[in-house]
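This briefing is meant for a reader who is meeting the structure for the first time.

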Amino acid sequence: MPKNYMEVLVDSMLPPLVRSHEHLKDCLRCQEDIRAIALNQLQPLYMVSDKGRIYAKLKEFDHQFQSDIIQALSRAMAVVEDNPHHEEPSF
Ligand SMILES: [Zn+2]
């Protein structure tokens, strides 16, 4: 099964970004919302082989690529902070 490495990158970049946010850092529900919003904005990065894994790893260190992800996550964080969904019943 191909794997979306964008999810891996988002997962690795989200924790340091929410660390300074009083509510978001402890709320997994909001963090899931942030992931979903950011991943909808970012291009999927599907990889199958080990070669793909290396490619994704290299991308991880590309500055522009990284700042695109941070930008998408920051936007998503602002959206979730303005409209927290965690008071609604979870499903
Ligand atoms: Zn929350």
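The term pLDDT stands for the predictor's confidence in each residue, on a scale from 0 to 100. The model shown here is predicted, and the mean pLDDT of the protein is 85, with 84% of its residues reaching 70 or more.

**Confidence along the chain**
- Confidence is highest in helix H2 (residues 28–41), at a mean of 96, and lowest in helix H3 (residues 50–60), where the mean is 68.
- Where pLDDT is low, the predicted coordinates should not be read in detail.

- Met-6 belongs to helix H1, which covers residues 5–18, and it counts as buried because its relative accessibility is 4%, under the cut-off of 20%.
- Setting aside neighbours within four places in sequence, Met-6 is in contact with Leu-39, Leu-42, Gln-43, Pro-44, Leu-45, Phe-65 and Ile-69.
- Although Tyr-46 is 40 residues from Met-6 in sequence, the two are 7.7 Å apart in space, taken from C-alpha to C-alpha.

**How H1 meets H4**
- The axes of H1 and helix H4 (residues 63–82) come within 10 Å and cross at roughly 60 degrees, so the two helices are oblique to each other, and their crossing is right-handed.
- On the H1 side the contact involves Met-6, Leu-9, Val-10, Met-13, Leu-14, Leu-17 and Val-18, which meet Phe-65, Gln-66, Ile-69, Ile-70, Leu-73 and Met-77 in H4.
- Sorted by class, this contact of H1 with H4 has twelve nonpolar residues, one polar residue and no charged residues.

Definitions and conventions:
Residues are numbered from 1 along each chain as its sequence is written. This is a predicted model: local features need pLDDT of at least 70, side-chain atom pairs count only at pLDDT 80 or more; totals for chains, interfaces and linings use all residues. Side-chain values use heavy atoms; hydrogens and water are left out. Helices (H or I, at least four residues) and strands (E, at least two) are DSSP runs, numbered from the N terminus. Buried means under 20% relative accessible area, exposed over 50%, partly exposed in between (1.4 Å probe, protein chains only). Contact means heavy atoms within 4.5 Å. Axes are lines fitted to C-alpha atoms, for helices over the stretch in contact, and angles run from 0 to 180 degrees between N-to-C directions. Angles under 35 degrees count as roughly parallel, over 145 as roughly antiparallel, 65 to 115 as roughly perpendicular and the rest as oblique. A crossing is left-handed if the near helix is turned anticlockwise from the far one by less than a right angle, and right-handed if clockwise. Ala, Val, Leu, Ile, Met, Phe, Trp, Tyr, Cys and Pro count as nonpolar, Asp, Glu, Lys and Arg as charged, and the others, Gly among them, as polar.
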